[in-house]
Amino acid sequence: MERPVNFSAGPAAVPEPVLHRIREELGDWDGTGASVVEQSHRGAPFLDLAARLEERLRRLLGIPRDYRVLLLQGGAQMQFAAVPLNLAGEGGSASYVDTGSWSSRAIDEARRFCRVRVAASSEEDKYRSIPSPEKWKVAPGSAYVHFVANETIGGVEFHEVPAPDAGGAPLVADFSSNILSRPLEVGRFGVVYAGAQKNMGVSGLTVVIVDEALLDRAHPLTPTVVRYADQARADSMANTPCTFAWYVAALVLEWIEAEGGLAIMAARNDRKAARLYKAVDATDFYQNPIAPACRSRMNVPFLLAEKGLDEAFLDEAREAGLIGLKGHRSVGGMRASLYNAIPESGVERLAAFLSDFERRRG
Ligand SMILES: *Cc1c(COP(=O)(O)O)cnc(C)c1O
């Protein structure tokens, strides 16, 4: 039987060949006689995996030499605290851009650690657009300017690296839900971070890519496992890493390279998103309220014109082999997440289901 297409927002679908590899290798990994989760993270086989993982990530993203790659725990939300702790020092301030749920949460958390200035917000527009970077009011003396590259819940995405007048403050961005979905100019950022469970494997790993020049700015009370400089010195093993998540990430990166790399991913993701938005826009039966230029390629929320049909939609979608479509509890309706692991044929099936459901129920 064919597996259903899984549009879950996160933890999300993992490429099928990666799942097969995991199953095959789980009992005896790399000829070691033990599973990857049953051995020391300081043993030669695992250190070799770690080296290959970092090498692949550097190659795929073109990470400059003077950036460190940290593989941490705690999720992106730990970074909501780690970023101000590491970059704003004692009594520092930072500027934040508010484009939706994840930005707001990052702002609330940062307020516990530094002075926060909201440089721009699209709240008045109900988070349907992105405030133009030329108009961001970055506070003088900001340690950094933070934004969320893709709002996973609202479905709003930056399609270019913003170039605000930031007075030299580095950009820091949460790429949890769109990392590896297209090429990225890492060199334009001070810090890029992303949880792995959307586009890089499973939960338990957060990748933090940080400009070396920013490693000496931490607040003195920053815990060791959260402090970038300490983790950089320890090759991300200041404490025991989530070895399984590293292992899966290594397989996912290998799969992306075998598929042709990030330019290929980007082209596919563009086509997938275009196909689904076209289906949603084709009728008033479905609605996505986001300004077209800011629509996310990764997360497509949509409402049914008749709310009473939500349950029927989800039930019938499941029967048609389409799962994970229930919208975030704060938004309602539906959300289809189109990460790298979702094949174009899966989006085609979803688009066909949309018009079929409307024909029967509209
Ligand atoms: C999923 C997500 C998070 C939360 O990640 P956790 O693993 O729960 O910490 C943060 N930011 C964005 C943009 C996300 O998509």
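Reply: Here is the sheet, strand by strand, and then its helix.

This is a predicted model, in which local features need pLDDT of at least 70, side-chain atom pairs count only at pLDDT 80 or more, and totals for chains, interfaces and linings use all residues. Residues are numbered from 1 along each chain as its sequence is written, and side-chain values use heavy atoms, with hydrogens and water left out.

The sheet is open and has three strands, in the order S11-S12-S14, with antiparallel pairing. Strands here are DSSP runs of E, at least two residues, and helices are runs of H or I, at least four residues, both numbered from the N terminus. Two strands pair if DSSP finds at least two bridges between them. S11 (286-287) and S14 (334-337) are the edges. Each has a single partner strand, so one side of each is left without a neighbour in the sheet.

S11 and S12 (residues 299-304) run antiparallel, joined by two bridges. Tyr-286 stands opposite Leu-304 in S12.

Helix H7 (residues 262-281) packs on this sheet. H7 touches S11, S12 and S14. Contact means heavy atoms within 4.5 Å. The direction of H7 makes about 15° with that of S12. Axes are lines fitted to C-alpha atoms, for helices over the stretch in contact, and angles run from 0 to 180 degrees between N-to-C directions.

Helix H8 (residues 310-319) holds Ala-317. At 0% relative accessibility, Ala-317 counts as buried (under 20% relative accessible area; exposed is over 50%, partly exposed in between; 1.4 Å probe, protein chains only). Leaving aside neighbours within four places in sequence, Ala-317 is in contact with Leu-322, Leu-325 and Phe-353.
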